[in-house]
Amino acid sequence: MYAKFIKRPLDFTLSLLALIVLSPVLIILIVMGAIGMKGNPFFTQLRPGKNEKIFKLIKFRTMTNEKDADGNLLPDEKRLNKYGKFLRSTSLDELPELINILKGDMSIVGPRPLLVQYLPLYNERQKRRHEVRPGLTGFAQINGRNTVTWEQKFEDDVTYIENITFLGDMKIIFKTVVSVLKREGISQENNATMEEFKGTQEETANV
C-alpha cells in the first residue's frame, strides 16, 4: 500500500518543502558554481527511470570542461577541482535532483539512476532496478556507496524493490544523512567516482 499509494505523494510533498527551505542554499550554490565552473553551474544528463523511461537528470556541475591540446576532455580526476570535490564530498551536487523528484522522474529513495549506455548490459535480475522510480539515495548507497562492486549494488537495488516499506525508507534516509556527514564511500580507489560498468561476466542481458 505504501509503495503504490503513499510513496509518490510523500515524495512530492517532501521535495517541495525541501526546495523551499533550501532555496537560499541553492541560490548560493548557483552563484558559486557559475564562478567555480566558469559558466553553467548545472550538469544535465539523460538517465533511465521507471520502466526504462529516459529523463534528464539535473545536478550541480562538479567537473570543469577543460580539454587537452587535441580538444579532448581531460580525465575526470583532472577536471574535478576543489569546488567540485567539496560538492561531491558533501553531496550538495545532488540537491537539484529535488526538481526531478517534484516532476515525478525520481523518488527520494530508490535505485540510483545510472547511464543509458548501461541498459543493454544488465542481466534479467539487474534489470529489475527499473521497476520503480530511481532515487536520490537508496539501499545500495547506505551499504558502501561507491566502494562496493557493481554486482553488489545491483543486488542491493533488487533487495530494496522486493522490500519497500515506509520504515525502510526512513531508515535509508537517516543512514544517508549519517553517511554524508561522515563523507563515507565517495569514491573508489584510483577513480574519481565509480569505475565504468561493463556488464556482469556470468550472465548479461543480451547473450
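Modeller: In this predicted model, helix H7 covers residues 166-182. Its 17 residues reach 25 Å from the first C-alpha to the last, close to the 24 Å expected at 1.5 Å a residue. The buried residues of H7 are Asp169, Ile172, Thr176 and Ser179. Viewed down the helix axis, the buried residues of H7 fall within an arc of 85°, so they line one face of the helix. The face turned away from that buried side carries exposed residues, namely Leu167, Phe174, Leu181 and Lys182.

Now the ends. The N-terminal end of H7 is capped by Thr165. A side-chain oxygen of Thr165 lies 2.9 Å from the backbone nitrogen of Gly168. After the other end of the helix comes Arg183, which has a positive phi, near 55°.

A positive phi near 55° is also found at Asn51, in the hairpin of S1 and S2, where 5 residues lie between the strands. Strands S1 (residues 42-48) and S2 run antiparallel and are joined by 7 bridges. Within this pairing, Thr44 stands opposite Ile58 in S2. Of the 7 residues of S2 (residues 54-60), 5 are buried, so this strand is largely enclosed by the rest of the structure.

Key
Residues numbered from 1 in each chain as written. Predicted model: local features only at pLDDT ≥ 70, side-chain atom pairs only at ≥ 80, totals over all residues. Heavy atoms only, no water. Helix = DSSP H or I, 4+ residues; strand = E, 2+ residues; numbered from the N terminus. Expected span 1.5 Å × (residues − 1). Buried < 20%, exposed > 50% of the residue type's maximum accessible area, 1.4 Å probe, protein only. Arc of directions from axis to C-beta. Polar contact = N/O pair within 3.5 Å; in protein donor to acceptor, adjacent residues only side chain to side chain. Pairing = 2+ DSSP bridges.
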